[in-house]
Amino acid sequence: MVILRLPEEIEKIRTSNLIVAEILNELKEKVKPGITTVELDRIASELARKKGARPAFKGYRGYPFSLCTSVNFEVVHGLPSTKALVEGDIISLDFGIYYKGYYGDAAVTVPVGNVSPEAARLMEVTEQGLYDGIKEAKAGNRLGDISAGVQMRVEAAGFSVVRDFVGHGIGKNLHEEPQIPNYGERGRGVELKAGMVLAIEPMVNEGTHRVRILSNGWTVVTEDVKLSAHFEHSVAITDNGPDILSKIQ
């Protein structure tokens, strides 16, 4: 069942998401050659605690860390480690918190120093795909309009959207209905209504859309070992259009 949130609830979800956005901004500043992803995880946990929030991912379905750190060909759910980042890597930082009854969730992919033109273009197109999807998050549209908006941008650029992992509703639970694929047909799926809050999160691969899960049981990687990028915003559908809750204005 898709839950419609009252305006006062959306403001509480916004508060949680702004905490996530602030922490992601601080993490982005820390991403440099030489830092380890387990250090980024420690920083994220400390920042959340200082803000009175609880990291949402730690312990969720057994996930052992607070932050997902997916490097290069890792798509999502990358486990932090003691391996240092090096110049030319790209890293996806996916973070969520629980604060006063509501969840926030967002993700960014950032360069580690100077990266290849191909990596820069992959990140740019993935973020553009996210915003093309968000543009379609309007009352009266269908879920497929969001999915098709993402897919058209990504595939027109020669990249592929991951099909095995999707976005989701968010609010009092980290994952709520509906699931939001990053591919689909316009005019299909659930009708979008004011009060819905959706975490839209394109995961885009440089090569094939196919992925596999490493033996650690968590880390999703591209099947062809080419690069992957991931951007995510939590968005409320309002009578005035999409309202990005995880973006600092």
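Hi everyone, let's start with an open sheet of five strands, in the order E8-E7-E9-E14-E15, with antiparallel pairing. Strand E8 (176-180) and strand E15 (241-244) are the edge strands, and each pairs on one side only. From one strand to the next, the twist averages 30 degrees.

Before I go on: this is a predicted model, where local features need pLDDT of at least 70 and side-chain atom pairs count only at pLDDT 80 or more, while totals for chains, interfaces and linings use all residues. Residues are numbered from 1 along each chain as its sequence is written, and side-chain values use heavy atoms, with hydrogens and water left out.

Helices (H or I, at least four residues) and strands (E, at least two) are DSSP runs, numbered from the N terminus. Two strands pair if DSSP finds at least two bridges between them. Strands of a sheet pair through backbone hydrogen bonds, either parallel or antiparallel.

Strand E7 (residues 167-169) is joined to E8 by three bridges, and the two run antiparallel. Gly-167 stands opposite Ile-180 in E8.

Helix H3 (residues 117-135) packs on this sheet, touching strand E9 (197-200), strand E14 (233-238) and E15; contact here means heavy atoms within 4.5 Å. The direction of H3 makes about 15 degrees with that of E14. For such angles, axes are lines fitted to C-alpha atoms, for helices over the stretch in contact, and the angles run from 0 to 180 degrees between N-to-C directions.

How many residues of E14 are buried? Five of its six are, so E14 is mostly covered; buried means under 20% relative accessible area, exposed over 50%, and partly exposed in between (1.4 Å probe, protein chains only). E14 has neighbours on both hands: four bridges join E9 to E14, and four bridges join E14 to E15. Take Ala-236 in E14: Val-197 stands opposite Ala-236, and in E15 the bridge partner of Ala-236 is Asp-243. E14 and E15 also form a hairpin, with two residues between them.

On to the other sheet. Three strands form an open sheet in the order E6-E10-E13, and the pairing is antiparallel. Strand E6 (160-161) and strand E13 (228-230) each have a single partner strand, so one side of each is left without a neighbour in the sheet. E6 pairs with strand E10 (residues 203-205) over two bridges, and Val-161 stands opposite Val-204 in E10. H3 turns up here too: it lies across E10 and E13, running at about 35 degrees to E13.

Finally, the rings. The structure holds three aromatic pairs. Tyr-63 and Trp-218 form one that is edge-to-face, at 5.0 Å centre to centre and 85 degrees between the planes. Rings of Phe, Tyr and Trp (its six-membered ring) pair if their centres lie within 6.5 Å; planes under 30 degrees apart count as stacked, over 60 as edge-to-face and the rest as tilted. Tyr-63 and Trp-218 are 155 residues apart in the chain. Is Tyr-63 buried or exposed? Tyr-63 counts as buried because its relative accessibility is 4%, whereas Trp-218 is partly exposed at 23%. Ring pairs link Tyr-63, Phe-65 and Trp-218 into a cluster.

Tyr-98 and Tyr-103 form a tilted pair, at 4.8 Å centre to centre and 55 degrees between the planes. That's my tour, thanks!
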